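I opened my notebook to record what I looked up in this structure. The entries follow the order in which I looked.

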Amino acid sequence: EFRAAGGSGDGEIKDGRLGVDFDLDAATRISGGVRYQSLDFQSKNVDAIDRTALGVPLLGFNTNNDQRQGRASVETTLNASRKFGEGHDLSFAFTHEAIDEDRSRVLLRQFRVPATRPAFEDSEPRNRLARTQVKLDYSRPLSDGRKLKLGYEFNGDDNDYLLVSGRATLP
């Protein structure tokens with residue numbers, strides 16, 4: 001078997017965060033933030049395959065493959081807390097994240113042996129995720145060293161997956 005391959009790629013990553021804390025008074029704090037991350041990568045690859053047995057060609061083809069992958073994420077947060085006294089606290093946290101992810105691949109395979117039509121693939125999977133989380137916590141000291149703790153948490157995910165596929169032919 002003989003195989004020759006080559007390729008090149010290029011990627012870019014971006015990341016940023018902005019946050020703020022604000023103390024309304026000595027016992028009350030409000031915080032918020034936004035975080036952004038993205039990745040974008042592209043590559044181009046070329047392969048040549050030749051298979052022989054006892055000098056007789058069995059299979060030969062060239063493949064051109066272009067790929068792209070992108071992912072972006074934005075997360076927002078809002079937090080609040082209040083201290084009523086020693087060990088007597090109330091806190092609230094809200095987080096929402098949105099992720100957009102897509103990949104595309106265009107592949108062309110040209111057959112030399114056996115001589116047949118080329119195969120072409122054009123696919124693009126796309127994924128969307130929305131995540132929300134809400135937390136509420138309350139704590140209060142009771143008599144005799146006991147403590148009351150109450151809490152609530154909500155987690156919600158909404159995922160969408162889509163595969164877009166163009167023309168495809170097989171030999």
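**Aromatic pair and sheet**

I began with Phe-61, which is buried because its relative accessible area is 11% (buried means under 20%, exposed over 50%, partly exposed in between, with a 1.4 Å probe and protein chains only). I noted that this is a predicted model, where local features need pLDDT of at least 70, side-chain atom pairs count only at pLDDT 80 or more, and totals for chains, interfaces and linings use all residues. Residues are numbered from 1 along each chain as its sequence is written, and side-chain values use heavy atoms, with hydrogens and water left out.

Next I looked up Phe-111, which is also buried, at a relative accessible area of 16%.

I then looked for aromatic pairs (rings of Phe, Tyr and Trp, its six-membered ring, with centres within 6.5 Å; planes under 30 degrees apart are stacked, over 60 edge-to-face, the rest tilted). The count is one aromatic pair. The ring centres of Phe-61 and Phe-111 are 5.7 Å apart and the planes stand at 55°, so I wrote the pair down as tilted. The pair links distant parts of the chain, with Phe-61 in strand E3 and Phe-111 in strand E4 (residues 88-113), 50 residues apart.

Last, I looked up the strands (DSSP runs of E, at least two residues, numbered from the N terminus). Six of them form an open antiparallel sheet in the order E1-E2-E3-E4-E5-E6; two strands pair if DSSP finds at least two bridges between them. Strand E1 (2-25) and strand E6 (147-165) are the edges, each pairing on one side only. Strand E2 (residues 28-53) pairs with strand E3 (residues 56-85) over 26 bridges, in the antiparallel sense. I also noted that Leu-39 has Arg-71 in E3 as its bridge partner.

Definitions and conventions. Helices (H or I, at least four residues) and strands (E, at least two) are DSSP runs, numbered from the N terminus.
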